[in-house]
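Please read the points below with the model open beside you.

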Amino acid sequence: MINKRILKIVEILLNQQSYITIDQISRQLSVSNKTIRNDLQLVSEWLADNQLQLIKKTGIGVRIEGDRSQKLHILETVRRRNKSVIEHSPAARKTFIGMQLATYESCRIYELSEMLFVSRATIHKDLLSLSKDMHVFNITLHRKNNNGISIEGKEKDIRNFLLELMLRDNGYQRFTQLVQDEFYPCDGSYVFAGLEATDDEMHDFIACILRSHNRYIESLDFQSIVVILLRIYAAYLRIQEKHIIALSPELLCDMDQKPFFQEAQELTDRLANHYRLTIPKAETRYLQLYFLANQGNHADRGKDQEEANELCEQLLASWSEQLNIPFTEDEDLRKSIYTHLCSSITRFRHNIPNENPLMPEINHLYKHTLAIVKNSICCIEDRFHCEVSDDELSYLALHLAASLERMKQPLRTVLVTHGGSAIASILKQKLIHQINEIDIIAEESFLSIQHCDLTHAELIISTIELTIKCDIPVLIINPLLHDYDILRLKDVIKDFYKQKNDPMKRKTALSKQ
């Protein structure tokens, strides 16, 4: 891989029949004259490696000289690579390097430097930062002589790390499109640059799995299908490099009694035939274990269900205590948490991650809910001697958020009108149908509102300015409630509604009583 701007400069030069000035190139690429001058040294070196020569003439410009057929060959190569190359931010470089290390037996610093078109010092800094990420997966970076580097760790941890890299890579969205569109127009460009995986290769892999009409795969929602395809692809890459999962004899024996072996066997057989691979039975059993860990309705009878029930009650009790809300009385929440835990127990026991691609959005939308859940999961970690992942926490937070949504109450609202009964009736119906966050508990006039009992009111909506003295918010609207009035109302009321139903504020209010 090479810096995209360098390739663009080469493409511009190859398309010229004569000399072109540096100013002309800089305008085409929207960069400074100085940047192009610096890049041309790199262009010259790259062209020399490809049997071409960069000619510079002061006051005239630059051009490429060499064999015509070689020029055409290089132009086609550059055009193809321009579709694949992306500029790498520090985060993207880390992902790229991590993928290289997780896919190949070893890498060299200078090779990574050339591929990413940065200095060796930059690669060393990236590796230092990447080491911290790998530590979370119990993986260590091993440095060899001659700038060689590799990673060491349990096979399942390396695969989990590789899957995490694919989920955070820019290519994830492209991969999702490939899954969605059976007729995706592939052009040979990279999906995951760090894996050197092109779109046509990925499309073939996806088709191999999805065309099997596997009963387990077909039972999943779309997001789960995407994640499991990535997990199987990670396994496929590692098996290609002769890295095989290790399972204890006891676990292999135990899995004989579990469901999903046939479904896992169908997929591993299909992969073995399609790619002419030898896939050991342990790999099939591990895939079976992953299927089992993500399908709650097949939890073992007895101990697992008993543990799921105990953990469910402990979580509900913790959430109730933290927020002063009786979650133990929410049967829908109890059922959803119990079902989730039935499958989670297998994951906790065997350190199998539960990837959630929506985690960044959940973290943004339900920050406080996540904090509540995080404060409660010591009961799980103590029981299974594991660390509950952020992905797992985000799923639990969604269940808790759903319960909080069900408990939300509308703003008790008093409606004040002055345009007659017909207008009042129309206005009330518009408000009821278009703003769900309010509950109109009383209708008053300009005079009656002066003596009205507002003890239970939380909001006043009026078609006329009021002079009453109270701490209740008053929103003034047009009697005919135009579209812009509705939009404004929704925006303002949304904030009041959030304040009322914020569980953290509810807890604070209750503690003061």
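1. Glu405 is partly exposed, because its relative accessibility is 41% and the class runs between buried (under 20% relative accessible area) and exposed (over 50%), with a 1.4 Å probe and protein chains only. Its side chain meets that of Lys408 in a salt bridge, at 2.8 Å from N to O. The term salt bridge stands for a side-chain nitrogen of Lys or Arg within 4 Å of a carboxyl oxygen of Asp or Glu. Lys408 is also partly exposed, at 26% relative accessibility.

2. The model is a predicted one: local features need pLDDT of at least 70 and side-chain atom pairs count only at pLDDT 80 or more, while totals for chains, interfaces and linings use all residues. Residues are numbered from 1 along each chain as its sequence is written, and side-chain values use heavy atoms, with hydrogens and water left out.

3. How many salt bridges does a search of the whole structure find? The search gives 26. One of them joins the side chains of Arg174 and Asp187, with 3.7 Å from N to O. This pair links distant parts of the chain, 13 residues apart: Arg174 is in helix H9 (residues 171-180), and Asp187 is in the loop between H9 and strand S6 (190-192). Helices (H or I, at least four residues) and strands (E, at least two) are DSSP runs, numbered from the N terminus. Arg174 is buried at 18% relative accessibility, whereas Asp187 is partly exposed at 38%.

4. Another salt bridge is formed by Arg383 and Glu307, whose closest N and O atoms are 3.4 Å apart. Arg383 belongs to helix H20 (residues 378-384) and Glu307 to helix H16 (residues 303-323), so the pair ties together parts 76 residues apart in sequence. Arg383 has a relative accessible area of 30% and is partly exposed; Glu307, at 9%, is buried. Both residues belong to a network of salt bridges that also includes Asp304, Glu310 and Arg349.

5. Asp157, in helix H8 (residues 155-168), is buried yet has no salt bridge. Which side chain of opposite charge is nearest to Asp157? It is Lys156, 5.6 Å away; here Lys and Arg count as positive and Asp and Glu as negative, while His and the chain ends are not counted. Not counting residues up to four places away in sequence, Asp157 touches Phe137, Asn138, Ile139 and Asn351, where contact means heavy atoms within 4.5 Å.

6. Pro473 sits in the loop between strand S10 (459-462) and strand S11 (474-476). Its relative accessible area of 25% makes Pro473 partly exposed. Leaving aside neighbours within four places in sequence, Pro473 is in contact with Glu458, Leu459, Ile460 and Phe496. Pro473 and Glu458 are 15 residues apart in sequence, and their C-alpha atoms are 7.3 Å apart.

7. The model has 1 cavity of 30 Å³ or more. A cavity is a set of points on a 1 Å grid over the protein atoms alone where a 1.4 Å probe fits but cannot get out, and lining residues have an atom within 4 Å of a point. The largest cavity holds about 160 Å³ of space. Among its 14 lining residues, Arg159, Ile232, Ala235, Glu283 and Leu287 are the closest to its centre. Helix H12 (222-240) gives the most to the lining of the largest cavity, 5 residues.

Methods:
On a 1 Å grid over the protein atoms alone, a cavity is a set of points where a 1.4 Å probe fits but cannot get out, and a pocket is an open set with protein on both sides within 12 Å along at least five of seven lines; lining residues have an atom within 4 Å of a point. Grid points are joined across faces, edges and corners, and a volume is the space filled by probe spheres set on the points.
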